[in-house]
Amino acid sequence: MARWLSHSPLWLPIPNSSSNSNPNTRLLQYQHHAYTAQLRVRCSDEAEEKEKKKKEKRLSEQSSWEAKDAEGRDYLYRLGKEADNMNIAVGQRAGVIDSLFAGNFLGKDSDIVFDYRQKVTRSFQYLQGDYYIAPLFMDKVVCHIVKNYLAHLLNTKVPLILGIWGGKGQGKSFQTELIFQAMGIEPVIMSAGELESERAGEPGKLIRERYRTASQVVQNQGKMSCLMVNDIDAGLGRYGNTQMTVNNQIVVGTLMNLSDNPTRVSVGQDWRDSDITNRIPIIVTGNDLSTIYAPLIRDGRMDKFYWQPNLEDILNIVHRMYEKDGISRDEVEGIVNTFPNQALDFYGALRSRTYDRSILKWIDDIGGVENFGSKILKKRKDQSLPVFIPPEQTVDALLESGYSLVKEQQLIMETKLSKEYMKNIDD
């Protein structure tokens with residue numbers, strides 16, 4: 001039977017004397033049991049003290065940051081698990097989180113990535129002037145955007161993607177940007193060069209992040225937004241024996257998934273029932289959509305629009321381009337008839353080519369080619385450069401530039417030096 005030691009801090013059972021008759025051994029056992037009991041009491045008191053201090057330090061009983069979930073973890077833990085970057089997902093903005101985290105030393109709005117998110121979008125401040133938008137082109141793009149913003153009210157299936165395709169240099173991207181500017185849309189624009197990476201899965205994730213960024217523009221700024229991918233066939237198209245990479249497959253799968261589930265977009269975090277993304281229309285441009293994976297461009301996912309401006313569209317666009325130079329519509333029609341079957345960017349290149357002589361004269365005025373670098377990069381603030389006088393645009397100068405450009409086009413098509421250098425190349 002065990003006996004009890006009454007003078008110890010706790011009632012401790014004393015081993016039976018018959019188990020060990022050595023008095024010194026029994027004394028050491030008594031001391032060990034007494035020290036262990038004191039240590040347990042001390043740890044228990046410290047735990048109670050920590051719990052008491054923790055309750056005293058709570059900001060408020062209703063603070064969402066200190067609220068516990070069913071597993072006993074606080075909101076910060078859950079938020080960090082659900083989002084790749086907590087600051088991007090929530091933001092340190094006054095009124096969004098507790099004032100303790102926003103603080104006053106950086107100002108009330110101390111979201112360190114807010115400026116970065118602004119740079120992802122395009123504002124089109126560089127589009128100065130009065131440009132002509134083809135009515136057919138505008139009707140198609142505007143209808144697609146409006147249908148997607150009203151998709152929840154329409155009793156029909158609305159394709160998320162609009163594929164604008166056609167010949168090179170026909171103004172697909174530029175006309176779309178003019179429509180964005182007219183509608184007050186702040187889009188997120190990508191290029192085909194971002195559809196490939198040395199890291200597998202990175203382009204697909206980038207598309208989802210850009211899509212969610214456009215959604216945040218709608219939610220946080222109250223502006224319409226859109227995701228635009230230029231020259232998509234250059235990044236996803238299959239030409240001859242080109243190799244299909246894992247990233248190509250992931251990008252195609254990502255766009256297909258966005259088309260089927262436009263309001264549920266994850267960038268790697270855990271799914272949340274409350275994480276509903278705004279439906280954002282997607283517009284892609286390309287020259288040949290037949291090179292893209294067929295299930296992506298099928299009806300229901302992508303609405304296709306072939307853009308080939310007619311003569312009336314070309315005359316209106318080019319005339320608006322040269323209107324400030326004093327070129328009449330009849331003169332524009334004569335230039336277009338002189339160079340038929342040319343893309344729209346050809347007529348813009350005419351004007352650019354007429355600047356060549358004026359630029360060469362201006363270089364001579366600042367001291368020649370040898371002094372150009374030092375004059376431009378090393379000039380003092382109080383030192384001014386000679387005034388550049390733009391050339392006067394005349395029909396004869398534009399025709400001269402046009403013949404020069406056509407000659408360069410013919411030389412490229414007829415003079416194929418690769419055959420001269422590599423005799424065994426196939427025709």
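Student: In strand β6, which residue is the bridge partner of W165?

Tutor: In this predicted model, strand β3, which covers residues 161-165, pairs in the parallel sense with strand β6, which covers residues 282-286. The pairing of these two strands runs over five bridges, and the bridge partner of W165 in β6 is G286.

Student: What is the order of the strands in the open sheet of five strands?

Tutor: The sheet is open and its pairing is parallel. Strands β4 (188-191) and β7 (302-306) stand at its edges with a single partner strand each, so one side of each is left without a neighbour in the sheet. Neighbouring strands are turned by 20° against each other on average, with direction ignored. Read across the sheet, the order is β4-β5-β6-β3-β7.

Student: Which helix lies across β4, β5 and β6?

Tutor: The helix in question is made of residues 202-221 and runs at about 160° to β4. Besides β4, the strands that it lies across are β5 (227-230) and β6, and its name is α8.

Student: Is F137 buried or exposed?

Tutor: F137 has its place in helix α6, which is made of residues 135-149. Leaving out residues up to four places away in sequence, F137 touches I164, K172, Q175, T176, I179, F305 and W307. A residue counts as buried when its relative accessible area is under 20%, and the value for F137 is 0%, so F137 is buried.

Student: How many Å apart in space are F137 and I164, C-alpha to C-alpha?

Tutor: Along the sequence these two residues are 27 residues apart, yet I164 is among the residues that F137 touches. From C-alpha to C-alpha, the separation of F137 and I164 in space is 9.5 Å.

Student: Which residues touch the most other members of the largest nonpolar core?

Tutor: In soluble globular proteins, nonpolar side chains tend to be buried together. The largest nonpolar core here has 38 residues, and α6, β3, α7 (172-183), α11, α12, α13 (344-353) and α16 (395-414) each supply at least two of its residues. The members that touch the most others are F137, V141, I164, F180, I283, Y347 and L350.

Student: Which residue forms a salt bridge with K140?

Tutor: Side chains of opposite charge can pair when their charged atoms come close. The closest N and O atoms of the pair that includes K140 are 3.2 Å apart, and the partner is D303. K140 lies in helix α6 and D303 in strand β7, so the pair ties together parts that are 163 residues apart in sequence. K140 is partly exposed at 26% relative accessibility, as is D303 at 23%, and the partner asked for is D303.

Student: Which helices hold E312 and R329?

Tutor: E312 and R329 form a salt bridge, with their closest N and O atoms 3.2 Å apart. E312 is partly exposed, with a relative accessible area of 43%, and R329 is partly exposed as well, at 29%. The pair ties together parts that are 17 residues apart in sequence, because E312 lies in helix α11 (residues 311-322) and R329 in helix α12 (residues 329-338).

Student: How many salt bridges does the structure hold?

Tutor: One of the salt bridges joins the side chains of R353 and D356, at 3.7 Å from N to O. Salt bridges that share partners also join D130, R320 and E323 into one network. For the structure, the number of salt bridges is 13.

Student: What percentage of the residues in the protein chain are buried?

Tutor: The protein chain has 17 helices and seven strands, and 427 residues. Of the contacts with a separation of 6 or more, 69% are accounted for by residues 24 or more positions apart. Buried residues make up 35% of the chain.

Key: Residues numbered from 1 in each chain as written. Predicted model: local features only at pLDDT ≥ 70, side-chain atom pairs only at ≥ 80, totals over all residues. Heavy atoms only, no water. Pairing = 2+ DSSP bridges. Helix = DSSP H or I, 4+ residues; strand = E, 2+ residues; numbered from the N terminus. Axes fitted to C-alpha atoms, helices over the stretch in contact; angles between N-to-C directions. Contact = heavy atoms within 4.5 Å. Buried < 20%, exposed > 50% of the residue type's maximum accessible area, 1.4 Å probe, protein only. Salt bridge = Lys/Arg side-chain N within 4 Å of Asp/Glu carboxyl O. Core = buried A, V, L, I, M, F, W, Y, C linked by side-chain atoms within 4.5 Å.
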